[in-house]
Amino acid sequence: MSVILDYWATLPDYARATAWILLVTVAVILSVAFTTLWERKVIGWIQLRKGPNRVGSIFGFVPGIFQPFADVIKLLLKEVVIPSASNKWLFRIAPAITLVPAFAAWAVMPLDPALVIADIDAGLLYLLSLTSVGVYGVILAGWAANSKYAFLGAMRSAAQVVAYEIAMGFALVGVVMAAGTLNLGDIVRAQEGGVGHWFLVWLFPLFVVYVIAGVAETNRAPFDVAEGESEIVAGFHVEYSGIAFALFFLAEYASMILISTLTAVFFLGGWLSPFEGLLAADHPLAVPGFHWLFLKLFFFLTCFMWYRATFPRYRYDQIMRLGWKVLIPVTLVWIAAEALMSWVDIGPWAK
């Protein structure tokens with residue numbers, strides 16, 4: 001091990017960055033695969049059934065563990081049908097435009113006190129720009145297919161994403177005001193001192209807005225009108241099949257993991273321990289690390305599945321009303337309240 005560490009230290013920065021990029025990318029892809037299995041298991045338990053339990057197991061435990069790989073093989077073998085009247089180049093590139101931003105965002109994610117691929121000061125702006133790009137893939141998929149059903153689904157999705165992107169952006173303005181930085185690692189460090197210093201406590205309304213907007217941003221139930229099968233025949237991806245169809249859902253699950261991670265970073269201290277300040281600094285439970293970030297993001301990821309199994313799909317007018325008339329005003333009011341508290345030196349943003 002010491003030989004490996006010594007060799008790792010001799011590598012140039014670009015080689016180490018490339019290795020971390022490959023490692024994180026593979027980890028995200030595997031996480032997406034097993035998230036699909038976890039969702040089917042969770043919804044199965046909620047509905048009092050077993051979920052996938054036929055494809056593989058580990059020494060008799062975790063039945064169905066290889067179901068995601070069986071799904072991938074099935075989708076790879078299915079024919080990709082391209083409509084004859086479509087814009088074929090845009091039709092092919094649209095799934096990649098949706099998928100790439102969900103993976104590229106991990107470049108600035110602080111996974112550990114000492115692990116971030118690109119520790120840039122404008123990390124939050126980088127994230128906001130990338131999460132806004134994904135909707136272009138949805139719009140192109142709906143338009144390039146030359147199908148009015150697909151185009152209607154794409155327009156609905158674009159209008160929904162714009163509405164909730166504004167609410168999400170305003171919620172993050174409050175986080176930036178509290179942390180005083182756009183660097184994601186520094187935002188986590190600004191919450192040091194224990195649970196009472198996490199932004200969840202002082203920015204709870206913004207936390208609620210961010211969670212709701214994150215669910216809507218990923219087109220997940222109960223905000224999945226972009227894929228409303230009962231109204232518009234599966235939405236913007238109705239003309240896609242095979243692995244091209246799967247890429248849209250790969251992007252959706254990757255975005256779910258990303259939003260869950262960002263929620264933990266912005267409001268729950270990221271890789272900080274919840275026992276910080278309660279136990280000795282060298283106690284194993286008080287030591288910060290990736291394991292705390294994983295537990296937090298896993299909780300929020302499971303909440304995505306819980307929502308899907310619990311809430312009915314909202315009408316489109318209800319979704320737009322919630323975004324424009326409720327969430328955005330709430331964020332504006334709380335930003336004003338935060339500015340007032342900063343002025344009178346109350347809260348974590350006190351000088």
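Predicted model: local features only at pLDDT ≥ 70, side-chain atom pairs only at ≥ 80, totals over all residues.
Student: Where is confidence lowest in the protein, and where is it highest?
Tutor: Lowest is helix 10 (residues 229–232), with a mean of 62, and highest is helix 12 (residues 290–310), at 94. That score is pLDDT, the predictor's confidence in each residue, running from 0 to 100. Helices here are DSSP runs of H or I with at least four residues, strands are runs of E with at least two, and both are numbered from the N terminus.

Student: OK, the fold. How many helices and strands are there?
Tutor: The protein has 13 helices and zero strands. Its radius of gyration is 21 Å, close to the 20 Å from the globule rule for 351 residues, so it is as compact as a globular protein of that length. The radius is taken over C-alpha atoms, and the rule is 2.2 Å times the number of residues to the power 0.38.

Student: What does the C-alpha trace span along its principal axes?
Tutor: About 60 × 55 × 45 Å.

Student: How much of the protein is buried?
Tutor: Buried residues are 45% of the 351. Buried means under 20% relative accessible area, exposed means over 50%, and partly exposed is in between (1.4 Å probe, protein chains only).

Student: What's the accessible surface like?
Tutor: It comes to about 17,300 Å², and 71% of that belongs to carbon and sulfur atoms. The areas come from the Shrake-Rupley method with a 1.4 Å probe; for residues, only the protein chains shown count as cover.

Student: How many positive and negative side chains are there?
Tutor: There are 21 positive and 23 negative ones, and the centres of the two sets lie 13 Å apart. Lys and Arg count as positive, Asp and Glu as negative, and His and the chain ends aren't counted. Each charge is placed at NZ of Lys, CZ of Arg, CG of Asp or CD of Glu.

Student: Let's zoom in. Is Thr 263 buried or exposed?
Tutor: Buried, with a relative accessible area of 2%. Thr 263 sits in helix 11 (residues 242–267). Not counting residues up to four places away in sequence, it touches Phe 207, Tyr 210, Val 211, Leu 268 and Phe 300. Contact means heavy atoms within 4.5 Å.

Student: And Gly 174, what does that one touch?
Tutor: Leaving aside neighbours within four places in sequence, Gly 174 is in contact with Leu 203, Leu 206, Ile 335 and Glu 338. This glycine is in helix 6 (residues 148–179) and is buried, at 0% relative accessible area.

Student: Now loops. Where does Val 81 lie?
Tutor: Val 81 is in the loop between helix 3 and helix 4 (88–104). It is partly exposed, at 45% relative accessible area. Val 81 and Tyr 240 are 159 residues apart in sequence, yet 6.9 Å apart in space, C-alpha to C-alpha. Contacts of Val 81, leaving aside neighbours within four places, are Phe 91, Glu 239 and Ser 241.

Student: How about Leu 285, what does it touch?
Tutor: Leu 285 touches Ser 273, Phe 275, Leu 279 and Trp 292, not counting residues up to four places away in sequence. The loop between helix 11 and helix 12 holds Leu 285, which counts as partly exposed at 38% relative accessibility.

Student: Backbone now. What is phi of Leu 48?
Tutor: Positive, about 60°, although Leu 48 is not a glycine. Leu 48 is in the loop between helix 2 (13–46) and helix 3 (67–77), and it is exposed, with a relative accessible area of 80%.

Student: And phi of Val 62, what's that?
Tutor: Near 50°, a positive value in a residue other than glycine. Val 62 also lies in the loop between helix 2 and helix 3, and it is partly exposed at 43% relative accessible area.

Student: Last one: is the peptide bond from Ala 221 to Pro 222 cis or trans?
Tutor: It's cis, with omega near 5°. Pro 222 lies in the loop between helix 9 (204–217) and helix 10.

Terms used:
Residues numbered from 1 in each chain as written. Heavy atoms only, no water.
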